Amino acid sequence: MRFKVTRSATSILYSAILYFHCIIFTLGMAESTFSGYELMKVISPVTAIASLLIAVALATIKKLSLNKKKYCILIAIVTALCFLFIQFSFLFHMKVNLDLGRLDNNPFTLSLCAIFIFTCFSAITIKAFHKNIQINEMKKIKLVVFIVVLIGSTVWHQSSLNLVKTQDTNAREKIHLMETMINRSLISQKKALARIKSRVEKVRFEDFMRLINIDSKNYISDYNIIKGILVLDSELNYISGDNFSSSFYLNGMLDKPTIRSWIKRDVEEVQFAANSLTLDSDIPILMFLASIKLADQSHFYIVNLLDMNLLLEKSYLKYLSQYDTYLELTPNIYFSIDYKNETQVDLNNLTSRYNHFITEKINVMDLVEHNVYTFINDYKAIHIDTIIEQLILWLTFLFTFIFVLVADSSRVLEFKERHDELTGLLRLKALEEEFLKLWSVRGYSDFSVVIIKLDFFEEIHNSLGYETSDKILKKASEKISKNIDNQVLISKGINDSFVLYFTNTSPATLEQKIEALIVDLSKAYCIDTFEFNLTASAGVVHYQTSELFDFKLNLQQANIALEKSIDLGGNQVHFYHQSMDDKHNEIVTIRNNLHIALKNNELEVFYQPIHNLNGNQIIGVEALVRWSCNDEWISPAKFIPVAETTGQIVQVGKQVLDKVLHDIKKYSQLQNITVAVNFSTKQIIKDNFLIDLLYLLTQNNITYNNFTVEVTESSFQEKTSIEKTLRELINSGLNVTIDDFGTGFSSLSYLANQPANIIKIDREFTLGAYKDTKERKLLDTIIKVCYDLGKKVVVEGVEDEKLITHLARYKDIRIQGYFFSKPLPIDHLIEYIRVAQYK
């Protein structure tokens, strides 16, 4: 099964792509204006602008007519490869070093980049295979598609925003935890030093030193964070301390004027401050200071030295390890609170290492505020969630694609249900619905119904097949559509007919339009290597009020007018008038009654003898159908044309043949003479006609040479379809008679190639031929030509004895007419033959 997407469907899919990019731009602008998170953007301004530019480019391309299909396909292939590369990189979190807003660091941007390339690929592919996609159809479906794309894009954006919000919240949670832990640790150390101060203050110097030595050992042992305890006199000279504090002092870590000034402020409460000289070292020191006055009023300072690396219980922050956090101690010192990182001295260098971060201030002991920077160092969790979020967009596109295809298929099915598959015109039922719809809206004052039929189209169909005839019908429908304005409703009628509904058009104007249309339909049709010249007939019925709309009645009356046009020779337009109904009703009555007669096997066969004047012998008979209906004989001249039109002629022919075969088998008198049976062209062109006929003759033990297939000369307007069959009949031993020669389509020059061995001259040539007139000379000429060509001759309609005397001059001349006998029923015929044998 071949997959096919209509232009309407591709137009909507193209529009869906445009909708998507416009929506992404709108969402990006809204995010930047109202709901953006500091950590990262789902749709950055750069991405939003890129989406808008893509939308503008695709909208421009949509209006262009691209003739270089191969270039479009090449671009589509390159775009597809780019999409696969970007999408593969996104799925497996590979680095894509593109200088477009650092796509590799924002999974949302990389996700959208893949989507953007895919939409561009899809749009270019659509444009490559459908040059013109400017279709203004299916507006409701377009609205649904817009809503679907809007909802899908919005859900993706909000879901992605929630993901960013979660990450932002987690990053800030780490800052808040850090703030809490720092303050708790500082309060604990402040209280510890305050306890020392309370014990040593107002004591003698000897007790002071003893207590300090004891507390130093205990506190250093109990608190890992305390690296040493330093005792200084009022001039900041070293008094005592452990190894770390002694080294700290000797290395000049208190020599900085700001540090010395801070120590000498002589504040009663315990103070703390970071030692700026150690902040960029492996062990940054936080100093806790207590001012002590002894009993003798001497002044000393106790300085606790704390390792800032141990200020926090970093194991508690392990679950937030995907974020790196730095505390800004000074504008040049950024202290890392994570094990794996080092203190940084350059903010620019720090931010260049990371792409997405937040900043927040923390309050330390209600004394000082510090800036804290939290950076994302691991995108794995975000990336996995982003892949899941991207599925929302893919599902949106998939749903849109399926929906458009289903909707388009439904529309196509509905279109096919309402329109003829070959011509694309309305079907009759749809025509009725459309007229009723327009009538209810516009309220026409009058309307006309026209039926146009191609003359002799059925013969072309039978001779050249359905493919050629279908092409002719299609071209005819195109001509009709081209010559009729949009206000006219056009429908494909039955077989080769077309039905047109005109509104508010006068009969005179309508006649001019239809005549012009017939002229155009009569122009040559070039189909493959053949050229056909056809004519068309039209039947018109005009109504002065739209209240007379009755679909079946309108078609019936227009068809009556059409039949009148055809009866008058075709290639013309004829208007309906009331008197035509009588003729039509008669035809309908004949058709219906003939149907019943065929069903009940009521047709009869009469036989008219054919005499050979030399020897006055009965050499054959012609089987003629007769029909008695309601005790009244119906003339074959009436019901045979009706049967030809309705297709009942095939059933008539079959029933006549069955009765003739039965009579031949039953009566020996018919077995020794030739029996001629009339066959319709519709019978002869049927598949296996020859095989079936020969089989029936064989089954009934009938000698082929005693059976004659008789066809009217008018059948040879389709000679290509029956000529071969007739020649095969002759080659099989049967006789073929051309009936009514001279009244149809042949000429004397065609006699040489006639596929028949018997020529039956019509009675038109015998009228007036009983005396020496031009009619006799014409009759003699035809007979002589036939004899010269080796054809046997039967003269019909002979009623005059003088003509019999004249025709007796010709050897083996055969006569059929009332001079000898009228058509007889079988029992009378048998008696007629019996009597003739004894004369």
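Is Thr 400 buried or exposed? Thr 400 is buried, with a relative accessible area of 3%. The model is a predicted one.

- Thr 400 is located in helix α10, which spans residues 380-418.
- Once neighbours within four places in sequence are set aside, the contacts of Thr 400 are Leu 13, Ala 16, Val 145, Val 148 and Val 149.
- Arg 260 lies 140 residues from Thr 400 in sequence, and the two C-alpha atoms are 74 Å apart in space.
- Glu 414 is also a residue of helix α10.
- Glu 414 has a relative accessibility of 47% and therefore counts as partly exposed, because that class lies between the 20% limit for buried and the 50% limit for exposed.

- Helix α5 covers residues 139-200, a run of 62 residues.
- The distance from the first C-alpha of α5 to its last is 90 Å, close to the 92 Å expected at 1.5 Å a residue.
- Lys 202 follows α5 and has a positive phi, near 70 degrees.
- The axes of α5 and α10 approach within 10 Å and cross at roughly 175 degrees.
- At that angle α5 is roughly antiparallel to α10, because angles over 145 degrees are classed this way.
- The contact of α5 with α10 consists of 15 nonpolar, nine polar and two charged residues.

**Helix α4 and its packing on α10**

- The axes of α4 and α10 come within 9 Å, with a crossing angle of roughly 25 degrees.
- This makes α4 roughly parallel to α10, because the angle is under 35 degrees.
- The crossing of α4 past α10 is right-handed.
- On the α4 side, the contact is made by Pro 107, Phe 108, Ser 111, Leu 112, Ala 114, Ile 115, Phe 118 and Thr 119.
- On the α10 side, the residues are Ile 382, His 383, Thr 386, Gln 390, Leu 393, Trp 394 and Phe 397.
- Sorted by class, the contact of α4 with α10 has 10 nonpolar, five polar and no charged residues.
- Thr 109 belongs to helix α4, which runs over residues 107-129.
- Thr 109 is buried, at a relative accessible area of 8%.
- Thr 109 and His 157 are 48 residues apart along the chain, and their C-alpha atoms are separated by 12 Å.

**Helices α1 and α2**

- Helix α1 (residues 7-35) and helix α2 (residues 45-63) have axes that come within 8 Å and cross at roughly 155 degrees.
- The two helices are therefore roughly antiparallel to each other.
- α1 passes α2 with a left-handed crossing.
- Residues of α1 in this contact include Tyr 14, Ile 17, Leu 18, Phe 25 and Met 29.
- Residues of α2 in this contact include Pro 45, Ile 49, Leu 52, Leu 58 and Lys 62.
- The contact of α1 with α2 comprises 16 nonpolar, six polar and one charged residues.

**Arg 776 in helix α22**

- Arg 776 sits in helix α22, residues 774-788.
- Its relative accessibility is 14%, so Arg 776 counts as buried, because the limit for that class is under 20%.
- Arg 776 is in contact with Ala 769, Tyr 770, Lys 771 and His 806, leaving out residues up to four places away in sequence.

**Asparagines with positive phi**

- Asn 504, a residue other than glycine, has a positive phi near 50 degrees.
- The loop that holds Asn 504 runs between β12 (497-503) and α14 (507-521).
- Asn 504 is partly exposed, with a relative accessible area of 47%.
- Asn 630, likewise a residue other than glycine, has a positive phi near 55 degrees.
- Asn 630 is placed in the loop between β18 (617-629) and β19 (632-634).
- Asn 630 is exposed, with a relative accessible area of 69%.

How values were computed:
Residues numbered from 1 in each chain as written. Predicted model: local features only at pLDDT ≥ 70, side-chain atom pairs only at ≥ 80, totals over all residues. Heavy atoms only, no water. Helix = DSSP H or I, 4+ residues; strand = E, 2+ residues; numbered from the N terminus. Expected span 1.5 Å × (residues − 1). Buried < 20%, exposed > 50% of the residue type's maximum accessible area, 1.4 Å probe, protein only. Axes fitted to C-alpha atoms, helices over the stretch in contact; angles between N-to-C directions. Parallel < 35°, antiparallel > 145°, perpendicular 65-115°, else oblique. Left-handed = near helix turned anticlockwise from the far one by under 90°. Contact = heavy atoms within 4.5 Å. Nonpolar A, V, L, I, M, F, W, Y, C, P; charged D, E, K, R; others polar.
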